[in-house]
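Visitor: I would like to learn how to read a protein model. Where do we start?

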Amino acid sequence: MPAHRKPRQRSLSGQTARTAATLALASAASATAFDGGTAHAEPDLGPAQVKAKVDQLYQEAEVATDKYNGAREDADRARKKVRSLQDEAARREDALNSERQRLGSTAAAQYRTGGIDPSLQLLLSSSPGRYLDEASLADRVGTRQAATITRVRAQLRDVEQLRSRADSQVSELRTKQQELARQKKTVTHKLGEARDLLDRLSPAERAAATQDTGSGTGRASRSDAPGRTDPVVADAPNSRTAAAIAYARQALGSPYVWGATGPNAFDCSGLTQAAYRAAGVSIPRTTYAQINAGQRVSRSQLQPGDLVFFYSGISHVGLYIGNGEMIHAPNPSAPVRIAPIDQMPFAGAARVA
């Protein structure tokens, strides 16, 4: 009877050994995480770090907001252009149909009197444009018919060109709408990140972090808005700047809402645009356009009513009211308020009235 041998233990192959080692490490890591309580890839941010990060996110969101506002203006213009081209094409087509009906009446009359001119047969066919482009009908029909056919030929071409331009404009509109959606997504993502960071703080820490975030210790109450005897308004260089400042002061305490232009909420350039609109002065929608809307002035030349701009990318704007202060719409954590212009990196100023 053959002797029984103890089965030989097989060694782990290279791949199997690596898999086992990986599982062991993963188990150890899991155990550490459960035993140790909390394991983070990076340490929690303190209140000061949260404030710095929130400041950065708000500034980035404001850049994206400006791009969103610009894209929305572009999309609105493209939409109006499409509508205008389509309306014009429809009018031209109505005129074309009227001319063709006249030619049809002529053709019917010729048929009753003994035949229809070949040129009219071709014109009234399903594709008259081809014949009109290839033949000179003036030599084949009477003067009146030739003039009508010339008009029809021009109208056919006009309608075709208008349709082509409308199609091109529709394509451009789609591109603008896609850009609008991209910028909207960027803004909401940045603001969401900032909100999530602030939510990690206690109420006291959150208040401290947002007190100076893009707003300094500025006053925000509407009760600060003075009457006609206010010295800042009285010192305004003209009635238009006085009216713009008065509007901005009435807006004190209004919430910041990106993309808003009043009357109950504003973003930064929406506030300045609304203020000057109330004063009868039209200025562009975005900060990067507003800075080029009027006469550029240096910081030492500032007067009440000037627009003051901040950051190297020209992404924030306020309305200067004198004494080193402005009224501005800071960010979602702070309402429209009065603040010193020193609180952000000064980039330039423009006088629009």
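Guide: What follows is a short walk through a cavity, a strand with its partners, and some charged pairs.

Guide: Bear in mind that this is a predicted model.

Visitor: Which elements give two or more residues to the lining of the largest cavity?

Guide: Those elements are helix 2 (47–112) and helix 5 (143–199). Helix 2 provides the largest share, 4 residues. Among the lining residues are Tyr58, Ala61, Glu62 and Thr65, along with Val187, Leu191 and Trp258. Sorted by class, the lining has 8 nonpolar, 2 polar and 1 charged residues.

Visitor: Now the strands. Which way do the residues of strand 2 point?

Guide: In a regular strand the side chains alternate between the two faces of the sheet. In strand 2 (residues 307–310), Leu307 and Phe309 point one way, while Val308 and Phe310 point the other way. All of these residues are buried.

Visitor: Which strands does strand 2 pair with, and in what sense?

Guide: Strand 2 pairs with strand 3 (residues 316–322) in the antiparallel sense, over 4 bridges. Strand 2 is also joined by 4 bridges to strand 6 (residues 346–351), and these two run antiparallel as well. Phenylalanine 310 can be followed in both directions: its bridge partner in strand 3 is histidine 316, and its bridge partner in strand 6 is phenylalanine 346.

Visitor: What lies between strand 2 and strand 3?

Guide: The two strands form a hairpin with 5 residues between them. In the turn, tyrosine 311 has a positive phi of about 75 degrees.

Visitor: Next, the charged pairs. How many salt bridges are there?

Guide: Side chains of opposite charge can pair when their charged atoms come close. The count for this model comes to 8 salt bridges. One of them joins glutamate 60 and lysine 190, with the closest N and O atoms 2.8 Å apart. Glutamate 60 lies in helix 2 and lysine 190 in helix 5, so this pair ties together parts that are 130 residues apart in sequence.

Visitor: Are glutamate 60 and lysine 190 buried or partly exposed?

Guide: Glutamate 60 counts as partly exposed, because its relative accessibility is 25%. Lysine 190 is buried, with a relative accessible area of 19%. The cut-off for buried is under 20% relative accessible area.

Visitor: How many residues apart are aspartate 76 and arginine 79 in helix 2?

Guide: They are 3 residues apart, which means that about one helical turn separates them. Aspartate 76 and arginine 79 form a salt bridge, with the closest N and O atoms 2.8 Å apart. Aspartate 76 is partly exposed at 33% relative accessible area, and arginine 79 is partly exposed at 29%.

Visitor: Where do aspartate 306 and arginine 351 lie?

Guide: Their side chains meet in a salt bridge of 2.9 Å, N to O. Aspartate 306 is in the loop between strand 1 (295–297) and strand 2, and arginine 351 is in strand 6, so the pair ties together parts that are 45 residues apart in sequence. Aspartate 306 is buried, with a relative accessible area of 1%. Arginine 351 also counts as buried, at 18% relative accessibility.

Technical notes. Residues numbered from 1 in each chain as written. Predicted model: local features only at pLDDT ≥ 70, side-chain atom pairs only at ≥ 80, totals over all residues. Heavy atoms only, no water. 1 Å grid on protein atoms, 1.4 Å probe; cavity = no way out; pocket = protein on both sides within 12 Å on 5 of 7 lines; lining within 4 Å. Nonpolar A, V, L, I, M, F, W, Y, C, P; charged D, E, K, R; others polar. Buried < 20%, exposed > 50% of the residue type's maximum accessible area, 1.4 Å probe, protein only. Pairing = 2+ DSSP bridges. Salt bridge = Lys/Arg side-chain N within 4 Å of Asp/Glu carboxyl O.
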